[in-house]
Each structure stands twice: as structure tokens, then as C-alpha cells.
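Trainee: I am new to this structure. Please take one part and walk me through it closely, then show me what surrounds it.

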Amino acid sequence: MSNIRKAFENGKAFIPFITCGDPDLKTTEAAVRIMAERGADLIELGIPFSDPTAEGPVIQEANLRALTGGIKTDHIFDMVRSLRKDLTIPMVFMTYANVVFSYGAEKFISTCQEIGIDGLILPDLPYEEKEEFLPLCHQYDVNLISLIAPTSEDRISMIAREAEGFLYIVSSLGVTGTRSKITTDLESIIKVVRENTDIPCAIGFGISTPEQAQKMAGISDGAIVGSAIIKLLAKYGEKAPEYIGEYTESMKKGVMER
Amino acid sequence: MSRGRFGIHGGQYIPETLMNALIELEEAYNYYKNDPAFNRELAELFCEYAGRPSRLYYAEKMTRDLGGARIYLKREDLNHTGAHKINNVLGQALLAKKMGKTRLIAETGAGQHGVATATAAALLDMECVVFMGEEDTKRQALNVYRMRLLGSEVVPVKTGTATLKDAVSEAMREWTSRISDTHYCLGSVMGPHPFPTIVRDFQAVISQEIKDQILEKEGRLPDAVLACVGGGSNAIGCFYHFIEDKDVRLIGCEAAGRGVDTFETAATIATGRLGIFHGMKSYFCQDSDGQIAPVYSISAGLDYPGIGPEHAHLHDIGRAEYVPVTDEEAVNAFEYLARTEGIIPAIESAHAVAHAMKIVPEMSRDQIVVINLSGRGDKDCAAIARYRGEDIHE
């Protein structure tokens, strides 16, 4: 069984995202530990990319801060090694295809297995291109997570049927970032997903409040939150983990509330 | 392998949100490219509005001065809006209109593609938003004014290096947030499939005309065709119909900036390596972790860290050569062509002129070289003056 499945065994899942190295890896590591402790079920670790085309301004700036700090992919692997000494929480990398490709796909994906990364989310790798990395992901037992968007329509069943780990449902058009309202008919999308697969699905993009998280987890298996956490890092820097811990607790409560 | 491949290059590395839009675009294009009414309408726009066919001009003085091969200049600079960009834009705007889209978005570097898109939008009654790196809005202030004059909104992009690649990223982001009424009018032979094919097909009119014109004037094909390459749309346009004519050398001139041994360069084939970015697999300037490099060139239109996938393939199979040309060489060529032929080329096109100046003297007098003059240089005068230490106000 995929380790990712465990994330969905404690009721509805709260899935936080954090950009590694923003503002530095010590802070990232502290934030991951506190999120794991305060109720996160799966952690998405963002490997920064110079040109993150799927991100809104908040995460774009986090990428820039991390890269300006001199972060390298190898430093992030080392941080995960250190986290894995005692953390069992499922963790996945979220980054862009070029970060994996350029590092050397086999070296990258085999390292994921070695250090205990359970999955890979690549927003610029749609269904049509997944063969780029899928054989290696299977070889090294790393789940390649698929995304479904509000515009997927006739593609939903095709994507869902072959999905592994969990399905990332993109709540809204556009890029990542907090939104006051989510208007997509997500129920219909998830209905088609359920007809085609029994792997869990979580909703991301635009979620920031416990109320939104409750609503989104209510119609799926969990809520993914990125920009709201990055905003805390931008505001509090090295002191952010403490605030992120509180926030995690409130969000986990949000997703669990019925 | 997925659709839209040129050898190993190309593909559709793009967020799921855009996949159906790309599929819809491909289907519409495959239908309309064979539709006689569409082609008639486009041919009429090319002829009556853009001023095609553009001239193939025998540069007699330059030929005499360099003392080698006979030089012809393909005068894309004489097109309406002053560059080859209008060919692709008229095609895509007409296609978008047929698809029921009411709004065009575009990226622009030097501003030529932005101006062309703004022009087509005005002509076809469409809304238009152009994304332009903030750095480029300063380098090309006149083009920003032209786009606004034509009724378009210009959005200065402040992220990253605030140049062409960031404008592309921002246009992609905008497209994911508004798809139903909006067509992304991509300006070069890059990005996800089907753009490299669509843009190439609309630009291929250049090589078709060169072929007809040179056969009429010289009774034979040229020995070499030269063009500047950023993303590579004017280059693929003037290479395309010669690809099967193996005796015709195809030479793409990349912007080397301050030199390929410096970090201030945009010469992708010379300094880049294989990667995945902006929807395609191709060669990119990048570091060992795959972070895209902040490239540099005096030419805002060539200041891009990648190259179109078909060029990457032509390079792989050795069918086309790609050579670096520095700022200094391009500026010298810019001034040389102005003095020698009374033609001020775009600083982009001056890169091709510069390389011709290197190879033509080594060639024999019965050989023929065609240089694609992709755009005119009025927009560059202030920047070149600054390069020479003279501050002029537009």
C-alpha cells in the first residue's frame, strides 16, 4: 500500500504546502515538524523553481526568496533525510518538470525513494506527458500525483482511472493563491472521479480559512493549503513555525468538522 | 511519445487547466488550415493589409563592398507594423475569431509581436492585453505607446528578470485564469504543441516567397539562408521550405550578448542544454539544478533563454547551423547596413547581417546568400545611440 494512503486514514486530510528554503532550510524543517505534530496528514514540500508558471504572486515570491538564499536540490534532499530520522508522515515533492529532468530523472526519483519521499506533484506534467517520468516512478515506488482542473471535463475519467497516490483537484481557474470564493462545481467533478477510482482526492488552490477547508474537505477527502502558509513565512520569517503550528491546528479542526 | 514532437523536442508540458484549450486549438487549426474560405481571407489580409509579398532585394552595394557571395535581403521589415510578426498574428487572430474568441493576450519582448497583436485586435474588433517585461517597457517605450494607441492594454511584468521569459510566464498564467473567451496569441515557434507548428505554418510564407523570388531573379536556389533566432519564428519561416533542399545552408544567428564565455548571453544552442520549460522540451540556458538562467542581449526580441523545438531538432540532425553573434557585432552590422544600403534593420535582424558579414567574403562571387531582414530598426535607434554613449530622447 502506498504510504500516501495513510494520510487519509485519520478522517479528512489537511495537506499543507511549504516552499523549501524560504527563508532558509532550518525554518522549513522546523515548520514541517510542527505541522506534523499539530495535525497535518501529508506534507507537500515545494522545491523552488526560477519560473513557477502555475503559481500566483505569493508562492512566486517564496521561490525567489529561497533561490536568492542559494538553495540547491541536494540541500533539500539532505533536509528530508534529517526529517525522516523520526518523522513517518507522508511527504511529497511539488516542483516543476525541469527540476527533475535537469537533475537527471533517474537520480532524482531514486533519491526520492532512498530518502523517503512518497510522491511527486509536477503541475507542468499533464496526462499526455506523464510517460516522461512514470516508468522511473514505478521502478522506484514513488507515486506520480495527477491533477484535475475545472476545465478537465471529458478528461476527468481518463486521468482518474490511471491516478495513483491521491488526486489533486484544482479548485479554480488560474494560479495558486488565496481566494475569497470558489465557484467551480466541484461536486460534479468529484462524482466522476469516484466513478473511476477509489484513490482519495484532495482539493487545492484558493483555500485559506478553516471554513473553506471544512467545505472543501466535506465534498472530498481533504484540503490542500499553500499560499496562506507562505504568507505567514513572508510575515514572520524564522519565527513563522510557531504561527504555522497554530494555523495547522485550526485547519485540521476545520477539515474534521462536520 | 506525446503529440507535437520534433525528434525528442516539443510536447505539451503545461498545466492540466490548459490541456483542453490546446486540444480545442489544435482541432480548430486542423480544420481551418484546409478551409478554402479561411485561406482566402488570410491571403487577402496578407496582401492587402500586411503588404505581402515582401520584396527580395538585391543588396548590390553590400555585395560589392564585401566582395563575396551575392546578397539578397528578404524585406520583412517592410511589412505593415514593421516586422515578420504580423504574418503569425493575422493567422492566429483570424483563427481565434473563427473559434469564437473575443479577446487576445500576448507576450512581447521588443514589442514587435505586441504591436502586431494589438494591430490585429484593432482590425478584427477584439480585446487585447499584452504582457511585457518591465525592463523591456523601458527599452522599448515607443512600442508601449503604439500598443496603447492601438487600443490594447499593456501589462508591465515585474517578476524574475522582467524580460521576455517572464512575459511568457505571465501570459500563460493569465490564460489559465481566463480561457473561455481568450486566445493566447503566442509570438514565436515555442511553447506547447500546437503553437510551434501553427506559428511555423503562418511564418512559412517567408520561405515560400524567397524560393519563388530567387528562382525568378537567379534561376536557382540560394547557397545559404540566414536569420536571427530568439524563439525562432522568423528563422523557421525562412528555413521551412528549404529544409528538403539539402544544398541550401540554413544558419540561425543567436544573441551572444557580451559573449558566450560570459554569463551575459542568450545563445541557447551555444550555452544551453536539454530541458523542459514553457510547455516544451528543448534547449535552455539553465544552471545545474535546472533553474532557468537570467539571459542577456542588447536585443529585447532575442533575450530569451530557450529556442523553439523544431530548431533544437534541426540542430540535432545537423540540418541547420546555429552561431552566436555578440552585441558589438550586431551593433556594427546595424550601423553598416544603414550606411551601406540605406536600410536600418531591427537590432534582432542585425545579428543575421553581422554573421553574413563574416561568411560572405569567404564565399565565391557566384554564390548567393539570403538574409532575412525580419524587422525594421526605428524602435532601436535610442538604444543603439545609448550603446554608443549618446543619450537621445524620443
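Mentor: Start with two strands of chain B. Strand S9 (residues 224-229) and strand S14 (residues 368-373) of chain B pair in the parallel sense, over three bridges. Keep in mind that this is a predicted model. In general, strands of a sheet pair through backbone hydrogen bonds, either parallel or antiparallel.

Now widen the view. S9(B) and S14(B) belong to an open sheet of six strands, in the order S3-S4-S14-S9-S10-S13. The pairing in this sheet is mixed. Its edge strands are S3 (56-58) and S13 (320-326) of chain B, and each of them pairs on one side only. From one strand to the next, the twist averages 30°.

Next, look at the helices on this sheet. Helix H15 of chain B lies across S4 (70-75), S9, S10, S13 and S14 of chain B. H15(B) runs at about 140° to S9(B). Helix H14 (residues 327-341) of chain B lies across S10 (249-257) and S13 of chain B. H14(B) runs at about 90° to S13(B).

Stay with H15(B) for a moment. H15(B) covers residues 347-359, which is 13 residues. At 1.5 Å a residue, H15(B) should span 18 Å; its end C-alpha atoms are 19 Å apart, so the two values agree. H15(B) is mostly covered, with eleven of its 13 residues buried. Among the buried ones are B:Ile347, B:Ala350, B:Val353 and B:Met357. B:Glu348, B:His351 and B:His355 are buried too.

Chain B also meets chain A. In that contact, 32 residues of chain A face 28 residues of chain B. On the chain A side, helix H2 (57-68), helix H4 (97-115) and strand S5 (143-148) each supply at least two residues. H4(A) gives the largest share, six residues. By class, this side of chain A has 16 nonpolar, nine polar and seven charged residues.

Follow H4(A) to A:Ile115, which lies in that helix. A:Ile115 is partly exposed, because 17 other C-beta atoms lie within 10 Å, and a residue counts as buried at 20 or more and as exposed at 12 or fewer. Leaving out residues up to four places away in sequence, A:Ile115 touches A:Phe77, A:Val80, A:Arg81 and A:Arg84.

Helix H1 (residues 25-37) and helix H3 (residues 73-84) of chain A pack at an angle of about 35°, and their axes are 11 Å apart. The crossing of H1(A) and H3(A) is right-handed. A:Leu25, A:Thr28, A:Glu29 and A:Val32 in H1(A) meet A:His75, A:Met79, A:Ser82 and A:Leu83 in H3(A). This contact has four nonpolar, three polar and one charged residues.

Finish with the sheet of chain A. Eight strands close into a barrel, in the order S1-S2-S3-S4-S5-S6-S7-S8, with parallel pairing. Neighbouring strands there are turned by 25° against each other on average, direction ignored. Strand S7 (residues 201-204) and strand S8 (residues 222-225) of chain A pair in the parallel sense over two bridges. A:Ala202 has A:Gly222 in S8(A) as its bridge partner. H1(A) packs on this sheet, touching S1 (13-19) and S2 (43-46) of chain A. The direction of H1(A) makes about 175° with that of S1(A).

Conventions:
Residues numbered from 1 in each chain as written. Chains lettered and ligands numbered in written order. Predicted model: local features only at pLDDT ≥ 70, side-chain atom pairs only at ≥ 80, totals over all residues. Axes fitted to C-alpha atoms, helices over the stretch in contact; angles between N-to-C directions. Helix = DSSP H or I, 4+ residues; strand = E, 2+ residues; numbered from the N terminus. Left-handed = near helix turned anticlockwise from the far one by under 90°. Contact = placed C-beta atoms within 7 Å. Nonpolar A, V, L, I, M, F, W, Y, C, P; charged D, E, K, R; others polar. Expected span 1.5 Å × (residues − 1). Pairing = 2+ DSSP bridges.
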